[in-house]
Amino acid sequence: MGMNSRRRFLTRTGGLVGILATGIPPALGQQRQISYLCWNNFAPLMDKKLDEIAVRFTKDTGIKIRIDHIAAPQQAAKYASEVQSQSGHDLVEMRMHFPWLYEAQLIDLSGIMAELEKKHGKALASATETAKVRGVWRAVPQYHGMFVATYREDLFKKAGLKPPDTWEDLYIVGKELKKMGHPVGIPISQNYDSISTAGPVLWSFGGMEVEKDGKTVAINSPQTAQMIEWYKKMFRDCMEPEVLSWDDASNNQAIQQGKAGWIHNPVSAYIVARQMKLPTADTINHHKTPGGPAGRHETDVPRHIGIWKFSKNAEPAKEFIRYLLGRREVYDEYIKSADAFNLPVYENLQDHPVLKSDPKYAALQDTKGVQYHCYGWPAPPSDKVQLITNSFILPNMIAKAVTGSTTKEAIAWGALEMQKILRG
Amino acid sequence: MASGSASVVAPAPRPGFALRLREWLNREELLGPLFVTPALLLLLVLVAYPFCMAIYFSLSDAFIGRPSQLVGIRNFVNLWQSDSFRQTFQNAFVFTGISVAVKLVLGITLALLLNQQLWFKRLIRGAVLLPWVIPTALSTLGWWWMFNSLYSVVNWTGLSLGLMDPPGPNWLGQKYYAMTAVIVVNIWRGLPFFAITILAGLMAIPKELYEAAEADGAGPVRQFWYITLPLLKPVLGIVILFSTIFTFSEFNIVYVLTHGGPINSTHLFATLTRQVGLESGRIGEGAAISLYLFPVLVFVVWAQLRSVRREVL
């Protein structure tokens, strides 16, 4: 008994000294628990599916996972506080350029990306541009959402209108829709949907905010003036002033509630209308995004998963990414739950069954000739270009023009604000 | 024969621990600091440390998660060149000036009413506090719904009563309307603070003064100007001081209602700080925005407290 106690005492104290000296707990006692901070998906069923997958992941691997959701507008502030305090979640969901903003704080995930690209094909260009920072994958692309034209098919048929092929066509159609009491709903306010539409219109006229070098402001151009003039006449003849106060959800609500006749948005407006069994669900359809003199451009919103450098559970966190995105059956199940709002971001999976699950998703497959970009294109992503986006200079410039400033004054204001940021 | 018994003084019994502790605690020079220490520690950790960090950030080019360098007052100088910052600066004074002035006038009026003999006085006084008790973000969501362009109950009522022309004001989409909306909500929320504090001041005024004034033939207006208002001055000074600081640093109402729009016309220092410092990662610039008014506010606090002290003495 005495010997046994002494031996046990020596074993335990020896072990404790070892743990304290190395700072590494024995494998048996290591807590295999990770946490994942992600957004409140605009397709809520995808969040539900993620929770289900997480339960199976724990069952299959023994790694516990806690998933926390946060509203999209709160993400940046939450990430900033986690980075500053060097504590928080292990995995984080990141929209578009976030990996560039937090480059120094994210671990290299190139190894996992090599595995995923081997299985699913190359990641789409927009995802690569935003998640691969200076040659290193700082986050793993998980899905993307495409903007598309969403319209009330019944109203178009009633008025004998054809879906607009160009932004100029939209003006002609929009005038009729407004006369019918169903105006066009394009937000011109301090939200991201405003940028998601203003960008493609600007690019379609051949304009850009910042040159490819990322240093030269390019907004002061005749192409921007054309874009502003287009917005002015759209605001005057096809829209209601309420678009100046809209948030990201307002255009969805406007078409779902039967007010708007045409909006520019991912397919979420239709999906939610259908899930909520709204009368407008049957009347909403989608068509290819309109183009302009410089081609047909569209906003793409890739979303990634990153792992903070301060995470003490990087390996289990990587296992979760492999489980969610690397297993074809799990990834398919995850993508299907979003009902075509979030689509696969890898080349070999582009012809995904979810796109055929509803004839109203045909426009999402009609991507021939459409160039997809992220905010700020063609400038490479950087913190300064991000600040131009986050300061809402583009929608504010348009708002100034449609509410009384001359086109020249509005552009001069926008150019000056952008120059100050780039000089910063 | 001298008795050989030497007188042995028995040592005094050592006081018990409880007694010693009581004696020790009775010493003011020990007890005072002991009581102050927890509050001081909290102030150091929760106020002084973040404040010093904010000053350091404002003088640096700090970007989230990256090493930073001191850049002197460059952030403060650069900010003044930004149109959105100058607009914010103007907004802050318009928002605070109008809100505090209206809250003061309405607060005094409401306090005078609540000081009267009313039916269900306690219930009414409790109900008045409701806007101040409900979490701001939650109540502002209700206001957002009322001002929302699609569902505005304000416009619906106005149109139904024939007070507005269709489609009614675009409350959150036009700059003057948007500023009006955020000011209205701020007044709605801040009014109870004014009313209840002023009511406390009113109740402390001796009734004899009013009786004497009445006997001398002073009417309600003269009583208000020569008794109520002068005796309320210290309370009003404190209320205005607190409200000015709170209103200058308002965040929730603007963030929920307008996000600072349209075209930055409702941005206040706190909302612009969030946009620049947190959403765009430029902590240095964000800290500079939040500290821009610090010297002005310090002066306001000093002047107000000095005036209040003079009134009291």
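Just after helix α16 of chain A, A:Phe392 takes a positive phi of about 55 degrees. The model is predicted: local features need pLDDT of at least 70, side-chain atom pairs count only at pLDDT 80 or more, and totals for chains, interfaces and linings use all residues. Residues are numbered from 1 along each chain as its sequence is written, while chains are lettered from A and ligands numbered from 1 in the order in which they are written. Helices (H or I, at least four residues) and strands (E, at least two) are DSSP runs, numbered from the N terminus.

**Helix α16 of chain A**

- Helix α16(A) spans residues 383-390, and seven of its eight residues are buried, so the rest of the structure largely encloses it.
- A residue is buried if 20 or more other C-beta atoms lie within 10 Å of its own, exposed if 12 or fewer, and partly exposed in between, with C-beta atoms placed from the backbone.
- The buried residues are A:Lys384, A:Val385, A:Gln386, A:Leu387, A:Ile388, A:Thr389 and A:Asn390.
- The cover over these residues includes α4 (98-101), α9 (192-204), α17 (393-402) and α18 (407-423) of chain A, together with α13 (269-279) of chain B.

**Chain A overall**

- Chain A has 18 helices and 12 strands.
- Its C-alpha atoms fill a box of roughly 95 × 50 × 35 Å, taken along the principal axes.
- Of the 424 residues of chain A, 51% count as buried.
- Among contacts in chain A with a separation of 6 or more, 77% join residues 24 or more positions apart; two residues are in contact if their C-beta atoms, placed from the backbone, lie within 7 Å.

**Helices α2 and α14 of chain A**

- Helix α2 (residues 44-61) packs against helix α14 (residues 328-337) of chain A at an angle of about 155 degrees, with the axes 8 Å apart.
- Axes are lines fitted to C-alpha atoms, for helices over the stretch in contact, and angles run from 0 to 180 degrees between N-to-C directions.
- α2(A) and α14(A) are therefore roughly antiparallel to each other (under 35 degrees counts as roughly parallel, over 145 as roughly antiparallel, 65 to 115 as roughly perpendicular and the rest as oblique).
- From α2(A), A:Leu45, A:Met46, A:Lys49, A:Leu50 and A:Ile53 meet A:Val330, A:Glu333, A:Tyr334 and A:Ser337 of α14(A).
- The residues of this contact divide into six nonpolar, one polar and two charged (Ala, Val, Leu, Ile, Met, Phe, Trp, Tyr, Cys and Pro count as nonpolar, Asp, Glu, Lys and Arg as charged, and the others, Gly among them, as polar).

**A sheet in chain A**

- Four strands of chain A form an open sheet in the order β8-β9-β7-β10, with mixed pairing (two strands pair if DSSP finds at least two bridges between them).
- The edge strands, each pairing on one side only, are β8 (184-185) and β10 (284-287) of chain A.
- β8(A) pairs with β9 (residues 262-265) of chain A in the parallel sense over two bridges, and A:Val184 has A:Trp262 of β9(A) as its bridge partner.

**Chain B and its contact with chain A**

- 29 residues of chain B are in contact with 32 residues of chain A.
- On the side of chain B that touches chain A, α13(B) gives the most, with four residues.
- By class, that side of chain B has eight nonpolar, 16 polar and five charged residues.
- B:Asp165 lies in the loop between α8 (153-160) and α9 (175-203) of chain B.
- B:Asp165 is exposed, with 9 other C-beta atoms within 10 Å.

**Confidence**

- The model scores ipTM 0.76 and pTM 0.81.
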